[in-house]
Amino acid sequence: MNKHYYVTTPIYYINDVPHIGHAYTTIAADIMARYKRICGYDVFFLTGTDEHGQKVEKAAELQGIHPKELADRMVTRFTDLWEVLNISNTGFIRTTEERHRKVVKQIFQKAYEKGDIYLGEYEDWYCVPCESYYTELQLKDGKCPDCLRQPEKLKEESYFFRLSKYGERLLALMDAHKDFIMPEVRYNEVASFVKGGLRDLSISRTSFNWGIPIPMDPRHIVYVWFDALTNYITGLGFPDDMDTFSKFWPCDAHLMGKDILRFHAVYWPSFLMSVDIEPPKKVFAHGWWTIEGQKMSKSLGNVIDPHEVVKTYGVDEFRFFMFREVPFGLDGDFSKNALVHRINGDLANDFGNLTSRSVTMIGKFLKGKIERPEKKGGMDEYVQENIERLVGAYEKDMEIFAYHKALQDVFEIMSILNKYIDAEAPWKLSKEGDVRIKTVLYNIWNGLRIAAMLLYPFMPVKSQEIWVALGIGRKIEEVSFEDEKIFYFSEDIGYMDKIKPIFPRIEG
C-alpha cells in the first residue's frame, strides 16, 4: 500500500470528564480515518491523554495518591468512551509513557543545544485550571479570559523557547500552504497573530513536580505544551521506529477545538523547525458546542455525557447528528429536539423508508433478486449521471473536511432516487410486464448501495445494515471506494425481502 494518511486528535486532559466536545473531535478524526481506509490508504489515527501538570498533581494530592495512579484510573474514562463510540484509532498515547518522556527530553536537549532555549524569569498571571499564563491586558475583569476563575500572580525562573525567531518562517510556511490552517477564518486569525510579533515562550516550571524533568536542570519540569504536542511524533514511534515515522510523517491533519489552535499552528511547527523535523501539513480547528443555546459548563449542570446520549438515541445516530447539524469548523448548538428531528426526518423518514420501500419492491417484483438491466429509458441516464456527479462532489467535500456538505450530497442522492421511483412507478412497470422494471430496480439498488457506502464513515454500523438488507455479503470497511462508487451488476448479490426498520422513529 503506497498511500498513507496520518490524522490526530489532541490529547485530552486526564482530569476532564469526557463530554460532547471530546466526542466531537474524536468522531471527526474517525470519519476521516474510515473514509481514507476505503479509499485505499494505510491510515494511522492517533489519540491519547495528557497526564502531567499542576492540575493532576493537586487532584492526586487531595485523594492521597500518586499522580500516576490517578492517571491510570482516569484514562479508562476516555478509552471506554472511544470503544462505545466505535472509534477506530490505530494508536493511543499517554504522556506518562516512557517512550514519550524519553523523546520530550531528547527534543528539549536538541533545541537547547541549538540555542533556541535559554534560562530567564517569568512573571504573569497564572490560571491553574487552564494551566496558562496571561498578561494583565489579557485578563477579563481581572479573571482568566477562558474559565473566568481568579488567577494567581506568579514569578519564577523559567526556560524560554525563542518563539520570536520563527515568526518569518511561520509566515512563509503559511503563505506557501494556504490550506495549512483550516477553515479560512482561522488561517486569518493566526496570520494576524504572528504578524503582530511573537514573544518568546516559557516552557518550564518549578512550581510543581509532576511532569518531565529538564535534562540539563532537573529542578525544572517541562511545561505542558512542549510536553503535550510532542505526542504527535512519539505516538508514531519516533525515533525508535523510523520506518513507521517516515511512512506517516508529516501529519496530514491535526484536528482540535479552536481554543487550542494557536498552540498547534504557531508553537508546534516552531518547535519542529527548531529540531529539523518537517511541520504538519494541516491543522483544522473546529468550533464549540453550546447546549440548548447556553454555554456548556459544570456550574450550569448542562455538560452532555455522550454515554447517556448514545444509550438513548444510538451511537450512529449521535455520530450522524454531530456532522449533519452544523458545518464542521463552525460553532453549533446541541439540543435533544434537534437530534430527534434529524433521526425522525433524515434517517427514519428519508433513508430508512427509501431502503425499506426499495427492498420490498425488489422482493415483490423481482422475487428478491436484482437482475441484469435490459431496456433503458425515462430517467435512467439522468439518475446515473447525477449520482456519479454527487459522488464526485462528496469526494471533494471530504478532502476539505466539509462533512456537512458531504452529507448533503448523500441526501441529494436519496432525493433523486425518491423522485425516480415516483416518476418510473415500478409497480406499473411490473403490472404491464415491462422489462424496464429490471433496469429501474437495478438503478435504485445501485443508488442505495452507493449512498450507504458514502454514509459509512459517519455511520459504520447502520450503513453495513443497509448493505445486508440489499443482499450484499461484503463488509464496507474492506471494499474499494473506487470499485464501489460505480453502477454494477453481480451474480453474488443475495436475495432481498421485507426488513425491520433500520432507523426506528423516536416517539414522544
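Which residues of helix 12 meet which residues of helix 15? In this predicted model, F320, F323 and R324 of helix 12 are in contact with Y403, H404, L407, Q408 and F411 of helix 15. By class, the residues of this contact are 5 nonpolar, 2 polar and 1 charged. Helix 12 covers residues 315-324 and helix 15 covers residues 403-424, and their axes come within 8 Å and cross at roughly 110°. Angles of 65 to 115 degrees count as roughly perpendicular, and helix 12 and helix 15 are therefore roughly perpendicular to each other.

**Pocket and cavity**

H404 of helix 15 meets helix 12, and H404 also lines the second largest pocket. This pocket has a volume of about 170 Å³. Its lining is made up of M182, P183, F284, P327, F328, G329, L330, I400, F401, A402, H404 and K405. Sorted by class, these lining residues are 9 nonpolar, 2 polar and 1 charged.

The structure also holds 1 cavity of 30 Å³ or more. The space in the largest cavity is about 30 Å³. It is lined by H52, G53, F208, W210, G211, I221, V222, Y223, V224 and D227. Strand 11 (217-222) and helix 7 (224-228) are the elements that give two or more residues to this lining. The lining of the largest cavity has 6 nonpolar residues, 3 polar and 1 charged.

**Helix 2**

H52 and G53 belong to the cavity lining, and helix 2 spans residues 54-63. Which residues of helix 2 are buried? They are Q54, K55, V56, E57, A59 and A60. The buried residues of helix 2 pack against strand 1 (4-13), helix 3 (67-84) and strand 4 (117-127). Just after helix 2 comes G64, with a positive phi of about 70°.

**Backbone features in loops**

Positive phi is also found in N86 and L148, neither of which is a glycine. N86 sits in the loop between helix 3 and strand 3 (91-94). L148 sits in the loop between strand 5 (132-134) and strand 6 (152-161). Are N86 and L148 buried or partly exposed? N86 counts as partly exposed because its relative accessibility is 27%, and L148 counts as partly exposed because its relative accessibility is 46%.

| Residue | Phi | Relative accessibility |
|---|---|---|
| N86 | about 60° | 27% |
| L148 | near 60° | 46% |

**W427**

W427 is part of helix 16, residues 426-432. With a relative accessibility of 38%, W427 counts as partly exposed. What does W427 contact, leaving aside its neighbours within four places in sequence? The contacts are with R357, M361, F365 and I421. The C-alpha atom of W427 is separated by 8.5 Å from that of I437, and these residues are 10 residues apart along the chain.

Notes: Residues are numbered from 1 along each chain as its sequence is written. This is a predicted model: local features need pLDDT of at least 70, side-chain atom pairs count only at pLDDT 80 or more; totals for chains, interfaces and linings use all residues. Side-chain values use heavy atoms; hydrogens and water are left out. On a 1 Å grid over the protein atoms alone, a cavity is a set of points where a 1.4 Å probe fits but cannot get out, and a pocket is an open set with protein on both sides within 12 Å along at least five of seven lines; lining residues have an atom within 4 Å of a point. Grid points are joined across faces, edges and corners, and a volume is the space filled by probe spheres set on the points. Helices (H or I, at least four residues) and strands (E, at least two) are DSSP runs, numbered from the N terminus. Ala, Val, Leu, Ile, Met, Phe, Trp, Tyr, Cys and Pro count as nonpolar, Asp, Glu, Lys and Arg as charged, and the others, Gly among them, as polar. Axes are lines fitted to C-alpha atoms, for helices over the stretch in contact, and angles run from 0 to 180 degrees between N-to-C directions. Angles under 35 degrees count as roughly parallel, over 145 as roughly antiparallel, 65 to 115 as roughly perpendicular and the rest as oblique. Contact means heavy atoms within 4.5 Å. Buried means under 20% relative accessible area, exposed over 50%, partly exposed in between (1.4 Å probe, protein chains only).
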